[in-house]
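Let's take a friendly walk through a protein model together. Have a look at the picture first, and then we will go through it piece by piece.

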Amino acid sequence: MQRSALLTWFGVVLIWSTTPLAIQWSAQGAGFLYSLMTRMLVASALFALIVAWRRHGELFTRGGMIASLVAGFGIYASMMLVYWAAQFIPSGLIAVLFGLSPLAAALWSQWLLPGDRITRLGIVGVIIGIAGLWIIFGSGESLSAAAIPGTIAALIGVTIQNGTMVVLKRYGVEQSALTMTAGGVIVAAILYLPSWWLIGAPIPAEIPLRAVLAIVYLGVAGSVLGFMLYFSLLKRISAVSLSLVTLITPVTALLLGQWLNAEDLPREVWFGVACIMTGLVLYQFGGWRAMRASYRTLR
């Protein structure tokens with residue numbers, strides 16, 4: 001891996017590892033919906049500038065607008081659930097649940113993309129991952145009174161997010177990554193404004209400095225810079241190297257949560273996390289073997 005690609009890879013790992021903790025900090029003193037809405041407004045303003053600078057006209061085509069609406073709904077619903085859940089479960093656990101994205105996408109693909117098939121090893125990985133979730137649910141009372149509802153809400157958010165991407169692929173909405181991400185964030189930001197008004201969430205009288213910095217960080221790095229770095233890597237490194245990000249970030253996020261936020265997870269939760277990570281490794285390994293077999297066949 002080239003030095004510049006390696007630095008970009010570490011940048012993605014750093015951003016994805018710190019995002020769950022920043023979500024928790026941003027809502028402290030500001031409220032989860034207000035912090036989410038302001039994050040998306042910051043990100044949508046930056047994306048609007050990027051689209052204008054690059055003269056990205058695809059966003060305003062019929063296909064671009066459809067992709068933006070579908071992606072925007074996915075972002076709106078999934079982030080609403082994740083931000084609500086962040087009030088009740090540790091940031092490290094949020095990262096672990098988001099680490100399940102490859103498994104969630106694979107299950108959606110089995111239903112909506114008949115050509116996509118999970119390998120046998122991948123099926124074992126999915127089963128072990130689900131077992132890990134069951135163990136975590138069983139430890140909910142030792143986390144907090146709302147740990148189980150919070151975990152379920154975050155898991156539904158992850159499912160919606162990945163389902164939206166599979167739906168876009170299933171129905172042939174072939175648009176660039178910038179169109180779907182920029183358009184989706186802008187649509188989601190527009191949806192959060194009436195939601196905030198309807199729910200009647202108050203404007204915070206005073207927002208702690210840490211919350212303000214976390215909101216700005218999430219808007220700039222978590223939403224815009226992370227996207228640009230990730231899709232830059234897609235063109236420069238192998239799928240194997242890129243998939244390692246989803247295996248590393250849950251672990252680093254757990255460690256950051258313990259170090260910076262004094263998050264103490266029960267032993268049972270750690271065991272459930274270990275099962276989920278094992279399932280992810282098996283699923284990814286099954287995909288790597290399938291790619292190698294396909295490559296040998298083509299040769």
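In which kind of crossing, right-handed or left-handed, does H5 pass H8? H5 passes H8 in a right-handed crossing. Before going further, please keep in mind that this is a predicted model.

**The overall picture**

The secondary structure comes to 12 helices and 0 strands. Reading along the sequence gives the pattern α-α-α-α-α-α-α-α-α-α-α-α. The protein has 299 residues, and 50% of them count as buried. Among contacts between residues at least 6 apart in sequence, 89% join residues at least 24 apart.

**Two pairs of crossing helices**

Two packed helices are described by the angle between their axes and the distance between the axes. Here are two such pairs from the model.

| Helix pair | Axes come within | Crossing angle |
|---|---|---|
| H5 (residues 101-112) and H8 (residues 147-170) | 9 Å | roughly 45 degrees |
| H3 and H9 | 7 Å | roughly 55 degrees |

Which residues make the contact between H5 and H8? On the H5 side they are Ser101, Ala104, Ala105, Trp108, Ser109 and Leu112. On the H8 side, the residues include Val158, Thr159, Asn162, Gly163, Val166 and Arg170. An α-helix has 3.6 residues a turn, so residues three or four places apart point the same way. You can look for that spacing in the numbers yourself.

Where H3 meets H9, the H3 residues include Gly64, Ala67, Ala71, Ile75 and Tyr76. Among their partners in H9 are Gly183, Gly184, Val187, Ala188 and Tyr192.

**Aromatic rings**

How many aromatic pairs does a search of the whole structure find? The search finds 6. A pair of aromatic rings is described by the distance of the centres and the angle of the planes.

One of the pairs is formed by tyrosine 34 and tryptophan 196, with 6.2 Å from centre to centre and 55 degrees between the planes, and it is tilted. Tyrosine 34 sits in helix H2 and tryptophan 196 in helix H9 (residues 177-199), so this pair ties together parts that are 162 residues apart in sequence. Both tyrosine 34 and tryptophan 196 are buried.

Tyrosine 76 belongs to helix H3 (residues 62-85) and tyrosine 192 to helix H9, so the pair links parts that are 116 residues apart in sequence. With 0% relative accessibility, tyrosine 192 counts as buried.

**Helix H2 and the loop after it**

Helix H2 (residues 32-53) has 22 residues and reaches 32 Å from its first C-alpha to its last, close to the 32 Å expected at 1.5 Å a residue. H2 is followed by arginine 55, which is found in the loop between H2 and H3.

Most residues other than glycine have a negative phi, and most peptide bonds are trans. What is the phi of arginine 55? Its phi is near 50 degrees, a positive value in a residue other than glycine. Arginine 55 counts as exposed, at 77% relative accessibility.

Alanine 262 is another residue to look at: its phi is positive, about 50 degrees, although it is not a glycine. Alanine 262 lies in the loop between helix H11 (239-261) and helix H12 (267-298). At 68% relative accessibility, alanine 262 counts as exposed.

Is valine 12 buried or exposed? At 1% relative accessibility, valine 12 counts as buried. Valine 12 lies in helix H1 (residues 3-27). Leaving aside residues up to four places away in sequence, valine 12 touches Leu229, Tyr230, Leu233 and Val245. Valine 12 and leucine 225 are 213 residues apart in sequence, and 8.8 Å apart in space, C-alpha to C-alpha.

Serine 223 is found in helix H10 (residues 209-234) and counts as buried, at 9% relative accessibility. Again not counting residues up to four places away in sequence, serine 223 touches Arg39, Ala43, Phe47 and Leu218.

Note on methods
Residues are numbered from 1 along each chain as its sequence is written. This is a predicted model: local features need pLDDT of at least 70, side-chain atom pairs count only at pLDDT 80 or more; totals for chains, interfaces and linings use all residues. Side-chain values use heavy atoms; hydrogens and water are left out. Helices (H or I, at least four residues) and strands (E, at least two) are DSSP runs, numbered from the N terminus. The expected span of a helix is 1.5 Å times one less than its number of residues. Rings of Phe, Tyr and Trp (its six-membered ring) pair if their centres lie within 6.5 Å; planes under 30 degrees apart count as stacked, over 60 as edge-to-face and the rest as tilted. Buried means under 20% relative accessible area, exposed over 50%, partly exposed in between (1.4 Å probe, protein chains only). Axes are lines fitted to C-alpha atoms, for helices over the stretch in contact, and angles run from 0 to 180 degrees between N-to-C directions. A crossing is left-handed if the near helix is turned anticlockwise from the far one by less than a right angle, and right-handed if clockwise. Contact means heavy atoms within 4.5 Å.
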